[in-house]
Amino acid sequence: MRRIVTATVQNRSGVLNRVTGLLAKRQFNIESISVGRTEAEGISKMTFVVDVEDERKLEQLTKQLNKQIDVLKVSDITDKAIVASELALIRVVSNAQIRNEIQGIIEPFRASIIDISKDSLTVQVTGKHEKIEALIDLLRPYGIKELARTGLTAFLRGQQPQVAEMKNYSILK
Amino acid sequence: MKVEAKPHYETQTKPKSGADLLVDALIQEEVKTIFGYPGGAVLPIYDALYRSGDAFHHVLARHEQGSIHAAEGYARVTGKPGVVIATSGPGATNLITGIADAMMDSLPVVVFTGQVARGVIGTDAFQEADVMGITTPITKHNYQVQSLSDLPRIVKEAFHIASTGRPGPVVVDIPKDISTEVDDNPPSVEFSLPGYQPNLKPNPLQIKKLTDAMAQAKKPVLLAGAGIHHGKASEELKAFAEQHSLPVVHTLHGLGTFPGSHSLSFGMAGMHGTYAANMALYECDLLINIGSRFDDRLTGKLEHFAPKATVAHIDVDPAEIGKNVPTQIPIVSDSKAALEALLKNAAAAPSTEEWYKKLDNYREEYPLWYNKPETDMVPQWLMEKVHSYTGGDAIVTTDVGQHQMWAAQYYKLEKPNRWVTSGGLGTMGFGFPAAIGAQLAAPDEKVVAVVGDGGFQMTLQELSLLQEMKLPVKVIIVNNQALGMVRQWQESFYEKRYSESILSTQPDFVKLAESYNVRGMRIESQQDLEEKLPEALSNDEPVVVDCRVLQQENVYPMIAPGKGIHEMIGVKP
């Protein structure tokens, strides 16, 4: 199961090492991780994309993270209404002739060209994982010289649909 | 030393160094005994200790591993944090085994390590080691003091974290220049730990669920783990078990939480547990686990562990609940608070008489057993004798291995906090230094270190302390001239290929003890033992007893690795 887990942490030295060390020690597989400050001073947010076997493993992961003294809150937000984005920088082989062609490809993705050199250009794209994958696939035939991705960062939408309550009204029950 | 209630920094006008602040903080935490070893990076701290006069009782173990195992023994017996100081680099790395051991067995230990000065951290300076990096995975929490003004607060947090919730080791790494730095401004000791709020009171709804389940249960069993020790809940456990006539089985660390001679006690469960205890776990329909973490040595193959049972698990650490065994009734709570709630909300349970009779029958039919030869000593008999000569009332410490299991099986403990053993990490060399810590914690108690001939040789340098500190520790070497458990497994599972497990060359343990000014004696037969051991165990002198036992004895019954708890071998025929 691919899950998106966020952790609010105290921004102390070594906290990233604590968290990643813990996940490594307990053999959790991290697909991506992103860390940054939040609106509150001294508080950072980590977003992990993890691949776990089952519910029990997932429960262990959140509990073990919660046990860390510097971790304030852990949420699995995969099934919630969330805004989630990652950023990718893609340097593609190009020259003056095909620059327009690439421009045409990236435009629907709302990506932008942020650097141009004699024989290459750099595209910046943000958004969901799948969207970025799709753009990378489209650019690959041109020759990707360099690719860097940030990993996903995410939080809950301001309003959550009342999904949990609907289950109770199921006629099957 | 008398400690006044007002803030410590007002008691002296002189500006204080970091080392002085540390000493003050230790006094504030009511630390009496420190297990440590000096060195370059902690010179300022040792100077401050020297200047503090007789504020502390410092124990100079002869190896840092001895310091920390002694601190663990101290913590195990008192329930209070054991305090360790070691220097940077090798001083700190020599503690690692003990820190990991304390982590696995949830012992409150606060470790202070020296570190090179802040300016040279990260330059591979002399005696520098990345203590934070090394200890992060094996501590409950760790700190490197970055600023002098943080030091008193960090010490306070360290003691708080180590001793509350699920106890564990906390490391505080102190750069040398922090220890020497002087600050005129009294630093604050206020702390807030928003990410550390252990839940100690049970949820009443969950308690209700458990009492409801108890009302339905026909074959309930109580599993008593180390959490009963930590929660100081032995009396409540006894009251609860008696109230409902609940059969009690123990984990290794849970021994002593419930009187071993009680009619409801069915002994230790697990790999070398009793038949009755393991069958109780196998056949039960309600398993109430209090403060055990369902370790693999207890459960055997998980699919055969309590397969028919509704599982209730009371633990102060929520991460333990559901980790290994699916749990229907999770109760996150301190053991004492949970038992108090259960005592108050007692449901009328249906009669479990039939179930008790069945287990009692198992206990009668398949007790622990061994064959006693004519003259030679077997270790099981030795343990029974040690038990009877000490009135079953000693504090017993052990290493890991065969002797540990025999001690667990045959030294029936009646009271809590008298069993000091390395369970989770299984550390050879633990028992003897742990006995020193236990004796310091309980000077008036009889402390018996039951050790193997292999394990004793890992930490025997601490014999120095017995005379130096006049500690009447009784060291019983269960000497089978082998790494017994390794030998047993090689016999059973590796077709008797005894690869490196026979210790045919050994020191003369009697002379060795004598060279440390400790009385040594050798016991080679049953008659020998009956003549010599009662006196050796009853006086107030330390003694090292080299007990020669038969090498081929194996620990039974046994659940072979990968087997279920109902598939015991070596059960009494």
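UniProt assigns the feature "domain: Thiamine pyrophosphate enzyme N-terminal TPP-binding", from an unreviewed entry, to residues 17-133 of chain B. UniProt positions are given in the numbering used here, feature names are shortened, and annotations may be inferred rather than shown by experiment. The structure is a predicted model, in which local features need pLDDT of at least 70, side-chain atom pairs count only at pLDDT 80 or more, and totals for chains, interfaces and linings use all residues. Residues are numbered from 1 along each chain as its sequence is written, while chains are lettered from A and ligands numbered from 1 in the order in which they are written.

Over residues 17-133 of chain B, the chain is 44% helix and 17% strand, and the end C-alpha atoms are 27 Å apart. Helices (H or I, at least four residues) and strands (E, at least two) are DSSP runs, numbered from the N terminus. A further UniProt feature, "domain: Thiamine pyrophosphate enzyme TPP-binding", likewise from an unreviewed entry, covers residues 399-547 of chain B. Residues 399-547 of chain B are 42% helix and 16% strand, with 16 Å between the end C-alpha atoms.

Chain B is divided into domain 1 (8-183), domain 2 (204-365) and domain 3 (379-555), the bounds coming from an automatic or database domain assignment. The centres of domain 1 and domain 2 of chain B, taken over C-alpha atoms, are separated by 37 Å. Six residues of domain 1 of chain B are in contact with six residues of domain 2 of chain B, a contact being two residues whose C-beta atoms, placed from the backbone, lie within 7 Å. On the side of domain 1 of chain B that touches domain 2 of chain B, the residues divide into one nonpolar, three polar and two charged. In this classification Ala, Val, Leu, Ile, Met, Phe, Trp, Tyr, Cys and Pro count as nonpolar, Asp, Glu, Lys and Arg as charged, and the others, Gly among them, as polar.

Helix α1 (residues 18-28) of chain B has nine of its 11 residues buried, so it is largely enclosed by the rest of the structure. A residue is buried if 20 or more other C-beta atoms lie within 10 Å of its own, exposed if 12 or fewer, and partly exposed in between, with C-beta atoms placed from the backbone. The buried residues of α1(B) include Leu21(B), Leu22(B) and Val23(B), together with Asp20(B) and Asp24(B). They pack against β1 (16-17), α2 (43-51), β4 (82-86), α7 (151-163) and α8 (176-180) of chain B. Just after α1(B), Glu30(B) takes a positive phi of about 60 degrees.

An open sheet of six strands in chain B has the order β11-β10-β9-β12-β13-β14, with parallel pairing; two strands pair if DSSP finds at least two bridges between them. At the edges stand β11 (265-268) and β14 (329-332) of chain B, each with a single partner strand, so one side of each is left without a neighbour in the sheet. From one strand to the next, the twist averages 15 degrees. Strand β9 (residues 220-224) of chain B runs parallel to strand β12 (residues 286-290) of chain B and is joined to it by five bridges. Within this pairing, Pro220(B) stands opposite Leu286(B), and Val221(B) has Leu287(B) as its bridge partner. Five bridges also pair β12(B) with β13(B) in the parallel sense, where Ile288(B) stands opposite Ala312(B).

Five of the five residues of β12(B) are buried, so this strand is largely enclosed by the rest of the structure. Both of its faces are covered, with Leu286(B), Ile288(B) and Ile290(B) on one side and Leu287(B) and Asn289(B) on the other. Helix α9 (residues 204-216) of chain B lies across β9, β12, β13 (310-315) and β14 of chain B, running at about 135 degrees to β14(B). Axes are lines fitted to C-alpha atoms, for helices over the stretch in contact, and angles run from 0 to 180 degrees between N-to-C directions.

Chain A is divided into domain 1 (2-76) and domain 2 (83-155), whose C-alpha centres lie 29 Å apart. Eight residues of domain 1 of chain A are in contact with seven residues of domain 2 of chain A. On the side of domain 1 of chain A that touches domain 2 of chain A, β2(A) gives the most, with four residues. The contact between the chains takes 13 residues from chain B and 17 residues from chain A. The side of chain B that touches chain A has eight nonpolar, four polar and one charged residues.
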